[in-house]
Amino acid sequence: VADVKKSILNHVVSGGTAERIDALASKDSAFADITESARADFATLRKLRDDDDTSGAIKESVGEDEDPRMWREGRSVTVADGRVTMLVLYECTKLTALPATIGELKALATLKLGKCSSLAVLPDTIGELGALTKLHLYKCTSLAALPDAIGELKALKSLELFTCSSLVALPESIGGLDALTELDLQGCSSLVALPDAIGELGALTKLDLRGCSNLAALPDAIGELKALTQLNLNGCSSLEKLPDAVAAREGLNVTLPFHLMILDLPASLREDFVTLRKLRDDDASGALRKFFGDDEDPRGWKRGNAVTVSVDGVTELSLIGCSSLTALPAAIGELKALTILNLIGCSSLVALPDAIGKLAALTMLELRDCSSLTYPPKEMHG
């Protein structure tokens with residue numbers, strides 16, 4: 001009975017009208033206790049909105065409704081057990097600083113700030129959010145640093161800083177996040193280093209560093225993360241090497257950046273991969289990039305169906321259905337081991353480059369449905 005009653009009370013607090021909440025609160029002391037907490041949180045949210053009087057960004061985003069449950073048609077605030085547990089601020093593009101009032105939301109478990117592109121700092125009071133388990137900052141492209149107080153979030157399990165492209169470093173205090181299991185720094189292209197304190201994150205299982213293109217080195221301390229099972233370094237183009245302590249870790253799945261991954265490949269294959277990327281990038285129309293995608297490893301193009309390799313190099317290249325390609329770049333002639341070139345359905349291809357005559361190993365050239373192709377290059381004549 002008690003659980004049913006609690007469920008009813010929570011349902012009313014979450015979605016009931018202010019009048020209905022007042023009516024039930026006057027009749028039930030337990031409900032009055034719940035509403036008192038909720039009302040306090042609602043007052044804090046209004047203060048948070050109104051304290052942002054410099055930019056007015058929060059009010060512009062969530063509106064002027066006195067009931068925070070109505071902000072952004074109910075998408076900004078979540079209430080559970082009579083408390084505000086989630087706050088979402090999305091596309092507050094004029095917001096430069098989150099008001100210190102945020103620290104008063106003692107039951108807040110999830111804070112999401114998405115595309116707040118002018119947000120430069122978080123307040124120290126964020127460390128007072130003792131119940132916070134998820135802090136997600138998505139494309140907050142002006143955020144250059146996190147406050148030291150971030151290390152006080154002892155319940156935090158997930159810290160996401162996706163495409164916070166101005167973030168240069170993490171504070172040493174991050175080592176105090178004892179419960180943290182996921183750290184997502186994907187797209188933090190200005191990040192130049194990780195603190196040694198990262199080795200103190202004993203619960204961390206997933207570390208995502210994809211696209212951290214200015215990260216030149218990893219601290220040896222990462223090797224001390226015994227719970228870590230996933231480390232993604234794809235796109236870390238400045239990373240010089242993998243620390244021995246990381247390479248030697250058993251049970252750790254590491255996704256290497258392309259330039260480190262290919263070090264163990266034959267030289268001829270490495271050269272052909274460079275040629276394939278050049279072929280893609282030399283196409284001024286962008287048709288090949290659209291067809292192949294942005295992956296640095298050609299073996300992954302078109303889900304592995306575009307390129308076939310052997311120890312000698314790239315042996316097959318398929319452009320089936322690349323209908324917007326008008327000209328094949330001359331770099332094609334550098335694929336010395338190529339035996340099959342499939343251009344079926346390249347309906348906009350007008351001519352083949354003279355460089356195709358350099359493909360001495362070529363045994364099959366498929367040109368079906370290349371309806372705009374008018375003639376082969378002279379190097380292919382008799």
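## Terms and model

Contact means heavy atoms within 4.5 Å. The model is predicted.

## Helix H7 and its cover

Helix H7 covers residues 267-282. Its 16 residues, at 1.5 Å a residue, should span 22 Å.

Which residues of H7 are buried? They are Leu269, Asp272, Phe273, Thr275, Leu276, Arg277, Leu279 and Arg280. The list includes the charged residues Asp272, Arg277 and Arg280. The cover over these buried residues includes two helices, H6 (258-261) and H8 (287-292). It also includes two strands, S10 (307-310) and S11 (313-318).

## The open sheet

Nine strands form an open sheet. Their order is S1-S2-S3-S4-S5-S6-S7-S8-S9, and the pairing is mixed. Strand S1 (77-80) and strand S9 (253-255) stand at the edges. Each has a single partner strand, so one side of each is left without a neighbour in the sheet. From one strand to the next, the twist averages 5°.

One pairing can be followed residue by residue. Strand S6 (residues 182-184) and strand S7 (residues 206-208) run parallel and are joined by 3 bridges. Glu182 has Lys206 as its bridge partner in S7. Strands of a sheet pair through backbone hydrogen bonds, either parallel or antiparallel.

## Ala149 in a loop

Is Ala149 buried or exposed? Its relative accessibility is 8%, so Ala149 counts as buried. Ala149 is found in the loop between strand S4 (134-138) and strand S5 (158-160).

Leaving aside residues up to four places away in sequence, Ala149 touches Asp124 and Gly127. Ile174 is 25 residues from Ala149 along the chain. The C-alpha atoms of Ala149 and Ile174 are separated by 8.8 Å.

How many disulfides does the structure hold? It holds 0. A disulfide here needs two cysteine sulfur atoms within 2.5 Å. For Cys322, the closest cysteine sulfur is in Cys346, 5.4 Å away, which is too far for a bond. For Cys346, the closest cysteine sulfur is in Cys370, at 5.1 Å, again too far for a bond.

Burial is clear for two of these residues. Cys322 has 1% relative accessibility and counts as buried. Cys346 has 0% and also counts as buried.

## Aromatic pairs

The structure holds 4 aromatic pairs. One of them joins Tyr138 and Phe162: the ring centres are 5.2 Å apart and the planes lie at 10°, so the pair is stacked. Tyr138 lies in strand S4 and Phe162 in the loop between S5 and S6, so the pair ties together parts that are 24 residues apart in sequence. Tyr138 is partly exposed, at 29% relative accessibility. Phe162, at 19%, counts as buried.

The rings of Phe292 and Trp301 also pair. Their centres are 4.3 Å apart and their planes are at 25°, so this pair is stacked too. Phe292 counts as buried, at 5% relative accessibility. Trp301 is buried as well, with a relative accessible area of 0%. Ring pairs link Phe291, Phe292 and Trp301 into a cluster.

Conventions. Residues numbered from 1 in each chain as written. Predicted model: local features only at pLDDT ≥ 70, side-chain atom pairs only at ≥ 80, totals over all residues. Heavy atoms only, no water. Pairing = 2+ DSSP bridges. Helix = DSSP H or I, 4+ residues; strand = E, 2+ residues; numbered from the N terminus. Axes fitted to C-alpha atoms, helices over the stretch in contact; angles between N-to-C directions. Buried < 20%, exposed > 50% of the residue type's maximum accessible area, 1.4 Å probe, protein only. Expected span 1.5 Å × (residues − 1). Phe/Tyr/Trp six-rings, centres within 6.5 Å; stacked < 30°, edge-to-face > 60°.
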